[in-house]
Amino acid sequence: MTSLIFRSLLLSPLFFSFTTLILTGPAASTDDDMIRHDGDVMLAALFEGGKAGTCGTEDDLYDVQNAFAVQWFIDRLNKDNYIPGVTIGLEIRRLCHSKARAAREAIKLVGTYITNDCNTTTPPLFGVIGPSTISTATKVTEQFRYFPESENISIVSASAMVDQLSDYPNVFRIIPPETAQIKAIVQLLLKLQWNYVAVVYAEGEDYERKAAALKQAAEKEKICVPLYATFPLVKDHEGSGQASPKENNITKALKGGDNKKSQIAGAIFLGDTAEASRFLHLLNDNYAKFVKVIFTDVTDLSSTTAGTEGVLSVTLPHRQVPELTKAWKNLTEGCNDLPEKITNNTWLATLKESVGCATLKKQSGNKQALLPWYHIQAAAIFADALKSLHSNHCRDSGPCPEFLKATKNYTGTNAMLRSKHWNLTHEFHSISSSFDELESFGFDQIGQRFGYELHNLSCESVDCSVKVGNYTADNKWSLDKYNKDGTQAPWKSLHNAQCEDQKDCLECIPRHLSEFALVIEGDFYFVASVPVHAKADPLKCGAARGNFGAEFVQAILFALEQVNNQTEGRWKRELPNKTLGAIILDSCSSSLVLKNKLLQLHQGNNQSYWPLNSTQAEPPIASRILGYIGGFISDASFAMSNILVPLLHDKPYVQLSPTSTAPRLSDRQEHPFFMRLVESGDSLIAAIFDMLRKLSASYVQIIYDSQDTYSEPLRTSFQANATKHGVCLAQIINYQNHRVPSVLQTLRNFPGARIIIVILQFHKVQKLMGELQKITDADPKVGISPKDSFVFLGTDGWGRNMDVIKDTEKVTWGSLSISEEIALDPGFADYFKTVDPSNTPNFWLKDYWEEKKKCHLNLSFRRQGRSVCNANYRDDYTQDPTVSYYIQAVYAFASGVGEAIAKENCDISSNSICRYLTSKEIVDKMTNVSLDLFNTGESRRVFDSNGDGKNGYKFVQAHPVKGTMKYREIGKWTQSGGLDLSVPVSELANQLPSLFTQRDYNSACPNSHYCGLCLSSDGVPERVPQHPELARIPVITGFVVLCFLLLIFVVVVIVLIRRHRNYVKSTINKSSHCPIRFENEGMSEFSVETSYSSQRPIQEIHPQDYAGSFLEHSDLQPRTSDYATIVHPANREDPPSRTPPPPPPCRARSTSAASAYLTPAECLEPVSSQDDVFLNGGQGAGSPTTRTSGHANGEAQRTYL
């Protein structure tokens, strides 16, 4: 009852009058400009017909063509008696780009045609074609929704692409939704390699919404949008001839603004043809030289001549209707007689008045506009549906009652439109040959029915639109040759809209790539930790690593592809229909960063860093994680284990490290589910001792890092076992507390200990050797010299790392290192060279190559100070041996976990983790895994019973080959067989630099007594004393004795001086406080003009504070001001008769301990007269005078202080 009352109210005349007044105002137009053709069954068409404010007076040419096309098609159907005895009527209404008017026209259609009076003479309304814009289509659809579902008129739109229309059951469209076009535009940008573009859109909510969706989709594909701006519809500078402030801001941003800001060489413009033309005029010829524009659905720029060269437009496929083109041309050729030629179409007459005959004739000579063909298809669908209803309900020609009733059954009509497969070619090929090109389709296939086309809108020829590309249903663009200046040129000649050379576009990197996870989706997952970026602050990441990192990520992807694609193998054998996925986290070489990411992953806080490449915003995959691969270094492995053990105590998992060696990780009480492909660090230390024994080296130094969980345990193990192996430690240098020059100077304290054990992580080794090389290059006397003859022996932190020995031959030539290696994967190196950084899920790979090669790639946003990478930048790639460990870790995990899932009564048809599965079961299965680690064709067990690797070690030597430092293998070590050198020690020595003073690896203790004490001690002391070199003990002993004798001599001199000073003090005036200077030390009689006031304090001397002898220090040199003037009695003269000038006054000094010593500078400071002192033999103090002393030559001389 309520519905009936509401419906009656909506259809009442009072409601229509009220709605018209509210929605359109009192000045709303009437139905005078409506185009109407009566028929037995009516179709309505809603077109814009003109812009808001000028609607009905300045008609839009393209809308008039759309209306004419539908009218022409319906007329042809009726003339051909398409439905026997039934004429199809047409009513075309204006909407004028006004949502208010669209709402009014929708309500008027319902009020006019939907009624309960079955005897009415008003023909039924079968459906609505249009509207043509998104906003008006949405408004009309919303108005229809107010009515009951049975009265929801069917709408077939030929141009409204908004996605929300898909939510209405009565709305159909024959074109793809808006999201399809946006995807096509983004794919075009990727194809053109445009990743630095502006998005400019005309005012209006339709364009604003579409622009926002485009920007979001582009940024998801790493396309930067540095300029996102509204292009004003109405010029606020109308008539001034100047651009508006908004327009100036747009052009300024496009040009770059200043020398630091990159110009924007590509723009996407969303707007109609008129706004597109104005945008090009704004750019003008100057801007058009460097800014290329992509439009959407703009097909004609014939009114624009400036800047159209190279302009592109992404549109629906262009289909010409030759019969329609001919009819339009015939109509407009006699433009002056146009009103007499047409009837029931006032729009054409208005168009003639608004655009003039010249424009109409010009348009008649060009290609047909884009949308008329699609509006004709919409009309054809309704005509086909009507014919089907007539065939089903009427035996004879004419509109039988059952047929007319069925046309009002909108629920049935909507169901038919949605379910029917439409074959328009069969029905309408006699109307136009254009239908012959159409394939049959259903409305559920619209998204796949059409692709898009790319058109070049250069208007240098009569034809302003040239097709240059196709976008197919598989979401790929196929581009033809580009018609740029009348000649055919390849697409690569079209400039790229990218960050400008020699400028950084850092605003395009709003978040550090390290924050994201790389996800390869699958049925089950492992989590991998890889140090892609360097460490910065504790919870932040630094620059991308150029030595590995992203290389390891690609190794994981390579192995994962092999596991999922292979036809054989344990994973496929046990789980044939399941895929293995991966979640790869960037640890940034920081245990805190890694812990934080693991917690986020398992607590569901993934959106802060969830992946760039995932198809899901936050995949619900944490419940399908079966294991963890990592960490790379022991620090990372400890961090993972310390998080996972308490976090996953009741969930099955295993942690498998490719390369961590810390001995403590073998403790199964602390790390119960930890496994590793490498051996424990205890085996590493045993191998090093065996090598030292082969080299006859018993006296060594160590460089380590006390703050590192890799370095500290190995140093402790080496130090604890040194005595047992007959090795004496000269000293242990903590790299954490030393700068590199200090390290070098400290090493020289023990030149006999020539073998230096380097226990550092790879990046610290690289830094140490690099800085030593720089010091040596800068000053060979300061840096490592041939006289030093030091030889480094690196642990597996050094290994075969090429970056350590690259350009460091003066430091690393002849050095040895140990590496736990398995065979290189035979296919990875070639595979890695072919991986395109811009076309791989590994979004870290581009930064890796740029950092490694110090250049920039094609789509880089970091270009300042870097040139373009050459085309062969990947050709010289050398595989890091560690890569094989990541590959084999994936193989081992897939093999062990796959068997565990299959064997433990698990339902392999499910993707959830089996409830019967435990961590212990996974570890047990993993322990028994066998792989071909050495490419021999034979598999062998990878792990021992404790879950540690059992692959042994290789020793390598660094030496130059044709001017380039290389490694060569010199021996192998295994637990069972010990060390087996393949190169004799004598030959190893021959590879040492020829300039070395000592060309061998001898590093023996120079003093048997001291080393005997060292080796007999109960272990090596935690801190080895920093004593002088033992090899120089005799020299040192002699020097000590000499110093002792010198000390005795100094003491005697001091005693004599003190006695003499006491004597002097007893003979001088105590009031003078200036230092005393001796003029003649050989005299027996003296007179004193001034005297000491106090003794100089004793200064503590620390020899380590001085570069040379303590006597060279300025504070310890004898100074003339430290002595008084002593005058011999024989040289004494009477004072002259004239009054001499007063001596410079000397301030009396306090005798307190804090100020007992008076410096010469203080003595020369002026003082008051009452402080002045005159010395005259035994006389008392008087007025200031000068005391004259006689010298041996009889000349008088005044002495002043």
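A residue is termed buried when its relative accessible area is under 20%, exposed when the value is over 50%, and partly exposed in between, with a 1.4 Å probe and protein chains only. The model described here is predicted, so that local features need pLDDT of at least 70 and side-chain atom pairs count only at pLDDT 80 or more, whereas totals for chains, interfaces and linings use all residues. Residues are numbered from 1 along each chain as its sequence is written, and side-chain values use heavy atoms, with hydrogens and water left out.

Aromatic contacts were examined through ring geometry. Rings of Phe, Tyr and Trp (the six-membered ring of Trp) pair if their centres lie within 6.5 Å; planes under 30 degrees apart count as stacked, over 60 as edge-to-face and the rest as tilted. On this basis the structure holds 40 aromatic pairs. In one of them, the ring centres of Y471 and W477 are 5.1 Å apart and the planes meet at 40°, so the pair is tilted. Y471 is buried, at a relative accessible area of 6%, and W477 is likewise buried, at 7%. A tilted arrangement is also found for Y953 and W973, with 5.9 Å from centre to centre and 50° between the planes. Y953 belongs to strand β32 (residues 953-961) and W973 to strand β33 (residues 964-974), so this pair ties together parts that are 20 residues apart in sequence. Helices (H or I, at least four residues) and strands (E, at least two) are DSSP runs, numbered from the N terminus. Y953 is buried, with a relative accessible area of 2%, and W973 is buried at 5%. One aromatic cluster is formed by F558, F828, Y831, F832, Y848, W849, Y873 and Y877.

Charged side chains also lie over aromatic faces; the criterion is that NZ of Lys or CZ of Arg is within 6 Å of the ring centre and within 35 degrees of the ring normal. K215 is placed over the face of Y228, at 5.7 Å from the ring centre, and R715 over the face of Y704, at 4.9 Å from the ring centre.

Strand β2 (residues 41-47) has seven of its seven residues buried and is therefore largely enclosed by the rest of the structure. From β2, V41, L43, A45 and F47 point one way, while M42, A44 and L46 point the other way, and all are buried. Two strands are taken to pair if DSSP finds at least two bridges between them. β2 pairs in the parallel sense with strand β3 (residues 88-94) over seven bridges, and V41 stands opposite I88 in β3. A parallel pairing over four bridges joins β2 to strand β4 (residues 125-129), where L43 stands opposite G127.

In the loop between β3 and α4 (99-113) lies C96, which is buried at 3% relative accessibility. C96 and G50 are 46 residues apart in sequence, and their C-alpha atoms are 5.1 Å apart in space. A497 is found in the loop between β16 (488-489) and β17 (518-520) and is buried, with a relative accessible area of 0%. The C-alpha atoms of A497 and A198 are separated by 9.6 Å, although these residues are 299 residues apart along the chain.
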